Amino acid sequence: MSGETDLIKLYSGRILALAADIPHLERLDSPDATVKKRSPLCGSTVTVDVKLRDGRIDQFGQDVKACALGQAAAAVVGAAVIGTTRAQIEAARDQLKAMLKQDGPVPDAPFDGLEVLIPARDYKNRHASILLTLEATAEALEQAERANCA
């Protein structure tokens, strides 16, 4: 019974509300870069489009096919991503990974809303799905910056 109770706590009302209201679900017509990431463990996929202006995300689109935890992470990222830099995205990705895998602190603002995913620490099979949006965004920013410098 304890396992079922833990799962119910994991899928809290807040996580489900975030999963139901993911910002920027429309793909961009002419992005500077597009990256698709897939979690081999669970099959979740996230595709991210970015457009940069002055080294910051100016436009963002995402297609999210993930569990509620991956969707909640995508919702928090989508709500905070406009105006951020590659360094901020990479820091948020690394901080989220540390929060999940090493009981690290919550990511810095504007990604501090990812604290809702603290209960997922004990569910290692969900970590990859939770990290997909930040990983795809970091890679897309790297590609966009490289293309803009070429």
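In helix α3, the residues A68, L69, G70, A72, A73, A74, A75, V76, V77, G78 and A80 are buried (under 20% relative accessible area with a 1.4 Å probe, protein chains only; exposed is over 50%, and partly exposed lies in between). Because eleven of the 13 residues of α3 are buried, this helix is largely enclosed by the rest of the structure. Helix α3 covers residues 68–80 and reaches 18 Å from its first C-alpha to its last, close to the 18 Å expected at 1.5 Å a residue (1.5 Å times one less than the number of residues). Helices (H or I, at least four residues) and strands (E, at least two) are DSSP runs, numbered from the N terminus.

The structure is a predicted model, in which local features need pLDDT of at least 70 and side-chain atom pairs count only at pLDDT 80 or more, while totals for chains, interfaces and linings use all residues. Residues are numbered from 1 along each chain as its sequence is written, and side-chain values use heavy atoms, with hydrogens and water left out. The protein chain averages a pLDDT (the predictor's confidence in each residue, from 0 to 100) of 92, and 91% of the residues score at least 70. Confidence is lowest in helix α1 (residues 2–10), with a mean of 56, and highest in α4, at 98.

Three strands form an open antiparallel sheet in the order β1-β2-β3; strands pair if DSSP finds at least two bridges between them. The edge strands β1 and β3 (56–65) each pair on one side only. Strands β1 (residues 33–38) and β2 (residues 45–53) are joined by six bridges in the antiparallel sense, and R38 has T45 in β2 as its bridge partner. Six residues lie between the strands of this hairpin, where G43 takes a positive phi near 85 degrees.

Leaving aside neighbours within four places in sequence, I89 is in contact (heavy atoms within 4.5 Å) with I57, V81, T84, F111, L134, T137, A138 and L141.
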